[in-house]
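Please report on the model shown below, starting with the ligand and moving on to the chain around it.

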Amino acid sequence: MIIDRITCQPVSTDCWPYSIPPVARLVQDGLTLDTPITFLVGENGSGKSTIVEAIAEAYGLDARGGRAGRKYVNDRPKTLLGETIKLHGRIVGNKRDRKGYFLRAETAHGFMSFVSGMYGYWEENVMEMSHGEGFLTVLNTMFRDPGLYIMDEPEAALSFTSCLKLVEIMKQVAHTGGQIICATHSPILTALPGATVWELGKHGIRKSSWRELELVDNWRRFLENPNFYMGD
Ligand SMILES: Nc1ncnc2c1ncn2[C@@H]1O[C@H](COP(=O)(O)OP(=O)(O)O)[C@@H](O)[C@H]1O
Ligand SMILES: [Mg+2]
């Protein structure tokens with residue numbers, strides 16, 4: 001485990017981002033990570049990106065997405081939470097030397113074109129691939145070294161089959177001593193055996209089994225009777 005606990009210095013929870021219930025809970029009690037793969041799930045706006053960006057930044061990964069120790073663009077201010085949280089665990093080296101990668105669905109495509117062909121990235125021209133193919137190429141390449149891999153909704157570009165490939169890559173990362181923290185809405189990714197799933201919401205943060213996740217329940221009901229949801 002690279003990170004086994006996240007704490008936050010005491011701050012008032014009156015204003016954003018500390019006022020978001022999951023962040024308030026993090027400030028109050030901290031969070032303990034006890035498996036190499038952690039998923040964060042929850043409705044839009046529940047605070048998943050706020051938390052994964054802060055972790056990425058505290059570790060030394062550009063909050064916009066990218067590898068450890070590299071700043072791709074300097075015009076973005078640091079995230080508030082990233083400056084107040086503290087990561088505990090087997091975190092070696094200074095920020096520049098750490099192994100890891102932050103993959104955000106929203107910025108991944110632009111980012112891939114920017115670094116395609118740069119030393120230390122990937123040889124393939126990902127711009128000639130579909131979004132999903134390019135994404136998997138990036139993941140395959142970047143996941144060869146054990147490190148901290150943070151992802152924000154990686155499933156956005158991926159088909160059902162590609163999601164299953166991502167599950168295999170994630171397993172490999174965990175197996176080789178790496179760690180993954182991933183915000184997701186995917187019922188496929190969250191089914192990964194041995195992973196911890198945190199459900200974020202008005203209640204704060206709670207651990208949940210896959211079967212009991214609201215997102216899984218919603219999908220189950222939808223697939224059972226799609227017409228019910230179509231308003232006719
Ligand atoms: N810079 C900001 N200032 C104030 N509120 C913000 C800012 N960025 C995001 N928010 C709000 O914080 C909440 C959590 O956002 P986010 O972490 O992006 O949620 P999620 O990733 O779970 O959809 C949302 O209500 C969002 O509108
Ligand atoms: Mg988000």
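Two nonpolar, six polar and two charged residues form the shell around ligand 1. The model is a predicted one. Trp-16, Ile-20, Glu-43, Asn-44, Gly-45, Ser-46, Gly-47, Lys-48, Ser-49 and Thr-50 are the residues that surround ligand 1.

Oxygen atoms of ligand 1 have polar atoms of the protein close at hand. With Ser-49, a polar atom of the side chain is 2.8 Å from a ligand oxygen. For Thr-50, a polar side-chain atom is found at 2.5 Å from an oxygen atom of ligand 1. On its own, ligand 1 has 570 Å² of accessible area, and the protein covers 53% of it.

**The chain as a whole**

The chain has 232 residues, of which 49% count as buried. Seven helices and 10 strands are assigned in the chain. Among contacts with a separation of 6 or more, 72% are between residues 24 or more positions apart.

**Between S1 and H1**

Trp-16, one of the residues around ligand 1, is joined to Pro-17 by a cis peptide bond with omega about 0 degrees. Pro-17 belongs to the loop between S1 and H1. Most peptide bonds are trans.

Tyr-18 is placed in the loop between strand S1 (5-8) and H1. Is Tyr-18 buried or exposed? Its relative accessibility is 6%, so Tyr-18 counts as buried. Beyond residues up to four places away in sequence, Tyr-18 touches a set of residues including Cys-8, Val-11, Val-23, Ala-24, Val-27, Leu-80, Leu-81 and Thr-84. With Thr-84 there is a polar contact between the two side chains, at 2.8 Å. Leu-80 is 62 residues from Tyr-18 in sequence, while the C-alpha atoms of the two are 9.3 Å apart in space.

Cys-8 counts as buried because its relative accessibility is 11%. Val-23, Ala-24 and Val-27 are among the buried residues of helix H1 (residues 21-29), along with Pro-22 and Leu-26. After H1 comes Gly-30, with a positive phi near 75 degrees.

**Cysteines and Ser-186**

The number of disulfides in the structure is zero. Cys-182 has a relative accessible area of 0%, so it is buried.

Cys-163 is also a contact of Ser-186, as are Glu-155 and Leu-215, when neighbours within four places in sequence are left aside. Ser-186 sits in the loop between strand S8 (179-183) and strand S9 (196-201). With a relative accessible area of 5%, Ser-186 is buried. A polar atom of the Ser-186 side chain is 3.0 Å from the backbone nitrogen of Leu-189.

**Other loop and helix positions**

Arg-98 is part of the loop between strand S5 (85-88) and strand S6 (100-104). Within the model, a polar atom of the Arg-98 side chain is 3.4 Å from the backbone oxygen of Val-92. Arg-98 counts as buried, since its relative accessibility is 16% and the limit is 20%.

Glu-153 lies in the loop between strand S7 (148-152) and H6. Its phi is positive, about 50 degrees, although Glu-153 is not a glycine. Most residues other than glycine have a negative phi.

Glu-168 is in helix H6 (residues 160-175). Along the chain, Glu-168 and Leu-192 are 24 residues apart, and 9.2 Å separates their C-alpha atoms.

The table lists the accessibility of selected residues.

| Residue | Relative accessible area | Class |
|---|---|---|
| Cys-182 | 0% | buried |
| Ser-186 | 5% | buried |
| Tyr-18 | 6% | buried |
| Cys-8 | 11% | buried |
| Arg-98 | 16% | buried |
| Glu-153 | 24% | partly exposed |
| Glu-168 | 45% | partly exposed |

Technical notes. Residues numbered from 1 in each chain as written. Chains lettered and ligands numbered in written order. Predicted model: local features only at pLDDT ≥ 70, side-chain atom pairs only at ≥ 80, totals over all residues. Heavy atoms only, no water. Near = heavy atom within 4 Å. Polar contact = N/O pair within 3.5 Å; in protein donor to acceptor, adjacent residues only side chain to side chain. Areas by Shrake-Rupley, 256 points an atom, 1.4 Å probe, with all protein chains shown as cover. Nonpolar A, V, L, I, M, F, W, Y, C, P; charged D, E, K, R; others polar. Disulfide = S-S within 2.5 Å. Buried < 20%, exposed > 50% of the residue type's maximum accessible area, 1.4 Å probe, protein only. Helix = DSSP H or I, 4+ residues; strand = E, 2+ residues; numbered from the N terminus. Contact = heavy atoms within 4.5 Å.
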